[in-house]
Number of protein chains: 2
Amino acid sequence: MTENNKIEPFNDHFLNSFLNPRSITVFGANNNLLTTMGSMQLRNIIAGGGVDDIYPVHPRLDKIQGFKAYKSVLELPVTPDLAFLILPTRVVPQVMEECGEKGIKNLLITSGGFREIGKDGVQFSQEIDKIAKKYKIRFIGPNCLGLYNAWYRYPEKEDAYINTFWPYAVPKKGNISIISQSGTIAAQTFWHAKEMGVNIGKSLSVGNERNIDMVDFLEYFKNDPHTGVIGLYIEEIKRGKEFIQLVKEITPKKPIVAIYTGGTKAANRSIKSHTGSLGGDQKIYDAVFKEAGIISTNYITDFLYYLRTLSFAQKYNIFIKGNRVGIITDSGGSGSMMTKSSELYGLEVPEFSKQLKDDLSELIPFTASAKNPIDVTFDANFLNIFYKFPKMLMKSGEVDSIIVWGVFDFDDVIETIEQSGMKIDENIKNMGTMLDRTILRPVRSLMKKYSIPVYFSGPFPYRFPWFQKFISYDLPIFDFWDAPPKCLKILYEYSQYRRDHS
Amino acid sequence: MTENNKIEPFNDHFLNSFLNPRSITVFGANNNLLTTMGSMQLRNIIAGGGVDDIYPVHPRLDKIQGFKAYKSVLELPVTPDLAFLILPTRVVPQVMEECGEKGIKNLLITSGGFREIGKDGVQFSQEIDKIAKKYKIRFIGPNCLGLYNAWYRYPEKEDAYINTFWPYAVPKKGNISIISQSGTIAAQTFWHAKEMGVNIGKSLSVGNERNIDMVDFLEYFKNDPHTGVIGLYIEEIKRGKEFIQLVKEITPKKPIVAIYTGGTKAANRSIKSHTGSLGGDQKIYDAVFKEAGIISTNYITDFLYYLRTLSFAQKYNIFIKGNRVGIITDSGGSGSMMTKSSELYGLEVPEFSKQLKDDLSELIPFTASAKNPIDVTFDANFLNIFYKFPKMLMKSGEVDSIIVWGVFDFDDVIETIEQSGMKIDENIKNMGTMLDRTILRPVRSLMKKYSIPVYFSGPFPYRFPWFQKFISYDLPIFDFWDAPPKCLKILYEYSQYRRDHS
C-alpha cells in the first residue's frame, strides 16, 4: 500500500484507506458503459478526478476507458490501495486469491450471488472468508455498490471526490454520512439530494457485511470531523450489543436518522432475497432505536428531510430551546395548514404579545394579520418576510423557531412579465443578487446569533433558481409547506435529547 | 349578458357563465405587473387566449396592457358577462353599484378586508349583500383569487383557458376540479401540479363565500362531464346539511379528497384571520367526512398525490378489486421499503405461486428474486420491468395492483455516457422514442384490460425527460417509492367504497 498517513486527523482507523485510496485496481469494467455496471462505476471513479492511479484488469482488452488494462492483477507495476471487484460470483474467489498474493489488503466486492441466493451462495461466502483470513484482507460487501466520499483526501484534493457507485450524480459536499445495507438508498438518492440541498459527504453501501459492517463505519464516523449527522438504512443489525453501545455514545453529539425495513411478513421475505438478512421484530427495533436516541422513519423523503434539517443544525450549531413556532406567510391557506400541522406534531404556535403584534402591524397591510401566523396577504416585500419579521420574532423572545412561507422564484416571475412586453428596471432584475447580500447571508447570521432556525418554503419545485439560491447559502428551504413543521418537530425532539444527554 | 348557451351540456347551471365568460371587465389592473396583483391577474386572463372582449376600467389610464381602458363601467360599449374587482375594499360597494346599473350579473371580488378583519369588515359585507340583492348580482368572494378553467368554452375554444389567479403557471387540462377556501391551495399548487402530472381542469378560489359557496360549486361539478375527481380545501362548511347530502350523492361516482384546516387552537385562530371562518371540532369533521365518503388529508403533497391517483382511475376506469400488490424493482432496498409500507397501509404483498415464480425466473438473472417483490437487481431491461413482468402478473390473477421501481432517465444516462467520450448507437439513443410505442401505450392498454393499475417510480425529480414522457402518456409515476403504496391504499379504499355504494 502507498503511504496515506497525512490525509485525515484520525487516520489510524483502518477504514480511512478504504475511503481515500490513492490507487485502485478495477475488475469487471470495459468500454461499454451502457450494459456493464462495472464500466459505469469505473467511469464514475475517473470522473471524481482524484485517484492517482487506476489499473483496470481484463482478460482480453488492452485499454479500458483510456487506461492501460492488465491481464492479471499480478502484472500490475505496483500494489494498489484498493481492489474493486464487479465480477461474476464464480470468479470472485480466484481473483481474491490473486489480490492476496499481490499484497492488496482492501477490497470492495460489488458482486452479488452470495448468501442472499441460498445454499450455494453461503458456500461462496465461506470461501471468501477463508481467503480474506489467509491474506489479512478486509473487504466491503459482497453484494454492494461500494462508496462515495466527497471529502476524498481532504484538504489535499479539495475538488476531488471518489464515487464507486453506478449512479453518476453527486450531491454537494456536506456533513451527512450514510451507511446503508442497500445500494439504492446509498446512491440513487443523489439526484434528489443534489437538488434539495441535502449535502452528503460520505455514503457507504455495505451490502452483506460479510467482513466490514455498519458498526465499523459507525466507529469511523464517530470521530470523523467531517461527519455531523449519520443516516442508516438497516435490514438487520449484526453486532447488536456493539451497535447499541456505540450509537449511545454517538447520538448526544451527532444525530442518527435510521430506516429499518424488516418487521412485516413480506418485508422480511424481501430483505432475505436482498441481502440475505433475517428481518426482526419491529417492536425490538423500536425499543432499541428509542433507547439509543435514534430518529427513525419508514420513508425515504423524510429520511432526506431529517438529515437535511439536522445537517444544518449541526453545521451552524442551531439547536432549539423550546417548541414555540412563529409562522410568517403571505398566504392564509398555507399559514393555516402549517399551524395545524405544527400543533398536531406537538409544537406550539402561540399568539404574539400585544407589543409584538403592534410592532408588526405597522409594517403590514390593514387586511393582514399579526397574530401568529403573521399573514401579510399579497405583499411581496421580501425584505420584510425573509428578514425583518424573522428578526423581530427572534428579538421578542416569543418563539424558538420560525417558518416562512413565500419564497417565489422572482427570476421566473420577472421572465414571465418581460414576455408580456413590459420593460423591467435593471435594479429589479438584479433583485436576485441583492437578495444574497441583504437577506440570505444576514438571516443566516441572525439564526446563529439567536440559535433560532428559520425554515423557508414556497410553491416552486427545488430546481427553480431562487430555491437554488437559498440552497447555495445552505438555508433550509422546502418545497411546499408539509415539511417544515415535521422537520421542526424532529429538531425540537433531538435538541431536547441532546440537552438531556450532555 | 352575451349568449353562451352552447358551451356545455348542462349549461342551465348559473355557474356556467362564471366559468365561461365571453367578455370581462377588470377593475384594479394597470400596466405595472410587478407591484399590482390585479395587473398580473389581467395578464393571465389575456394569456389564456380565449376571452373575446376585455374591458379594463381605470380612473386615469387610457390603455392597459394593450386594451382600451374606460373611466367607468357605465361607459362600456356592451354589458360584459363578468366583472372582476381587484380594488381597495372601500371602493368595492360603489363599483358594485355601477356594475348593477350596467346590468352585469356575475362578479368576482378579489378584494380582501371584509369579515376576516373584524367589525368594519362585517359592515362592508352587509353592504355588498344589499347591492347584490338589489341588482340580482351573484358573486364569488370577496377575499378570493377567482377561478381557473382549462375547459373554457370547450370544445369551441379547445386550446384556450381562463385563469384569473395571479400565479401564471397552469397545469395540463384534466378531470380534477378544485374548490378552495384558500387562493394558495387553488393556484399556488400549479407549478408542482404541472410538473407532477396532476391534471387540473377547474380550480375555484371561493374566499369568504359571501354569496356563492362550496355547495354551489359541488352542485355544478356533480353534473360537469369534465369533472372526475374533486379536491376541497375547507376552513368551514357553511351549509352543513346541503353539503353532506350532496357529497353523499357525488362520492360513489366522483371521489372527493379534502383538507380540513381547523380543529386545533392556533389553526382556528389562523383561519379566523384568513377567511373569517370559525373553525370547528376535528372530530365532527372526521365523522362528516367518513359518513360522506370523503378522503381526507392534512398534507398538500398527499392532496395532490391522491387527486392524481383518482384522476387516473376515473379517466380510464381502473378501480381495483382487492388489496394484493405485486412489486417489481431493480433495487432490493426500495423493494423492501415499498413492501413494508404496503403492509403497514393494510395492503398485502403475497408470495407468488410456484408456477409464476418459475416463469419469472426464466427472465431474470440468477442473483435476482422472483418471490414478490421481483427484484431483477441491476438489469436495465426496460421492456421486462415496464411491460412483460406487469403483463405476467396481470395474467396470473395473483395481484390487484402493481408497483414498478426502476424508471431512470435514460436520456440523462446516455448524455452522461456520451460526455465520457463513448459513441452511442443511434438505435439506443432513440430508445426514448421506442419506449413510447412499445411500452407506454401498450402498458396503459393492459391496465385498462385487466383493471389493474401499474404505478411507476424512479429516483429522478419529475422534471427529467423520461418522467415527463410517462406523464405525457398520463401514466401514474412518482418520484421515489414513498407515494405508490400510500396512493394504492387510497385507491383500494375508494374502490371498495365505490363498489359498496353502487
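**Helices on the sheet, chain B.** I started with helix 11 of chain B, residues 300–316. Helix 11 of chain B lies across strand 10, strand 12, strand 13 (256–260) and strand 14 of chain B. I read its direction against strand 12 of chain B and got about 160 degrees. The model is a predicted one, so I keep that in mind throughout. Next I took helix 7 of chain B, residues 214–223. Helix 7 lies across strand 10 (176–180), strand 11 and strand 12 (229–234) of chain B. Its angle to strand 10 of chain B is about 170 degrees.

I then traced the strand order in chain B. The open sheet has seven strands, ordered 9-8-11-10-12-13-14, and its pairing is mixed. Which strands sit at the edges in chain B? I found strand 9 (162–163) and strand 14 (295–296) of chain B there, each pairing on one side only.

I wanted one antiparallel pair in detail. Strand 8 (residues 146–149) and strand 11 (residues 200–205) of chain B pair in the antiparallel sense, over four bridges.

I repeated the trace in chain A. There, an open sheet of seven strands has the order 9-8-11-10-12-13-14, with mixed pairing. The edge strands of chain A are strand 9 (162–163) and strand 14 (295–296). For a parallel pair I picked strand 10 (residues 176–180) and strand 12 (residues 229–234) of chain A, joined by five bridges. In that pair A:S177 stands opposite A:I230.

**Helix 3 on helix 4, chain A.** How do the axes of these two helices cross? Helix 3 (residues 92–102) and helix 4 (residues 119–135) of chain A come within 10 Å and cross at roughly 5 degrees. An angle under 35 degrees counts as roughly parallel, so helix 3 and helix 4 of chain A are roughly parallel to each other. I listed the residues that meet. Helix 3 of chain A gives A:V92, A:P93, A:M96, A:E97 and A:G100. Helix 4 of chain A gives A:E127, A:I128, A:I131, A:K134 and A:Y135. By class, this contact has six nonpolar, one polar and three charged residues.

A:K136 has phi near 55 degrees, a positive value in a residue other than glycine. A:K136 is in the loop between helix 4 and strand 7 (138–140) of chain A.

Then I looked up cis peptides. The bond from A:Y154 to A:P155 is cis, with omega near 0 degrees. A:P155 is in the loop between strand 8 (146–149) and strand 9 of chain A. In chain B I noted a cis bond joining B:N372 and B:P373, with omega about 0 degrees. B:P373 lies in the loop between helix 13 (354–361) and strand 16 (374–375) of chain B.

**Domains of chain A.** Chain A is divided into domain 1 (16–311) and domain 2 (317–500). Their centres, taken over C-alpha atoms, are 38 Å apart. In the contact, 12 residues of domain 1 of chain A meet 12 residues of domain 2 of chain A. On the domain 1 side, the elements giving two or more residues are helix 6 and helix 11 of chain A. I sorted the domain 1 side by class: seven nonpolar, three polar and two charged residues.

**Chain A against chain B.** The contact takes 70 residues from chain A and 70 residues from chain B. On the chain A side, several helices give two or more residues, among them helix 2 (37–48), helix 9 (265–274) and helix 15 (410–419) of chain A. Which helix of chain A gives the largest share of this side? I found helix 12 of chain A, with 11 residues. By class, the chain A side has 28 nonpolar, 30 polar and 12 charged residues.

**Symmetry.** A rotation of 180 degrees, with 0.0 Å of shift along its axis, brings chain A onto chain B at an RMSD of 0.0 Å. The two copies are therefore related as by a two-fold rotation axis. The same surface serves both copies, since 100% of the contact residues of chain A recur in chain B. Of the residues of chain A, A:R463 comes closest to the axis, at 4.2 Å (C-alpha).

How values were computed. Residues are numbered from 1 along each chain as its sequence is written. Chains are lettered from A and ligands numbered from 1 in the order in which they are written. This is a predicted model: local features need pLDDT of at least 70, side-chain atom pairs count only at pLDDT 80 or more; totals for chains, interfaces and linings use all residues. Two strands pair if DSSP finds at least two bridges between them. Two residues are in contact if their C-beta atoms, placed from the backbone, lie within 7 Å. Ala, Val, Leu, Ile, Met, Phe, Trp, Tyr, Cys and Pro count as nonpolar, Asp, Glu, Lys and Arg as charged, and the others, Gly among them, as polar. Copies are superposed by least squares on the C-alpha atoms of residues with pLDDT of at least 70 in both. Domain bounds come from an automatic or database domain assignment. Axes are lines fitted to C-alpha atoms, for helices over the stretch in contact, and angles run from 0 to 180 degrees between N-to-C directions. Angles under 35 degrees count as roughly parallel, over 145 as roughly antiparallel, 65 to 115 as roughly perpendicular and the rest as oblique.
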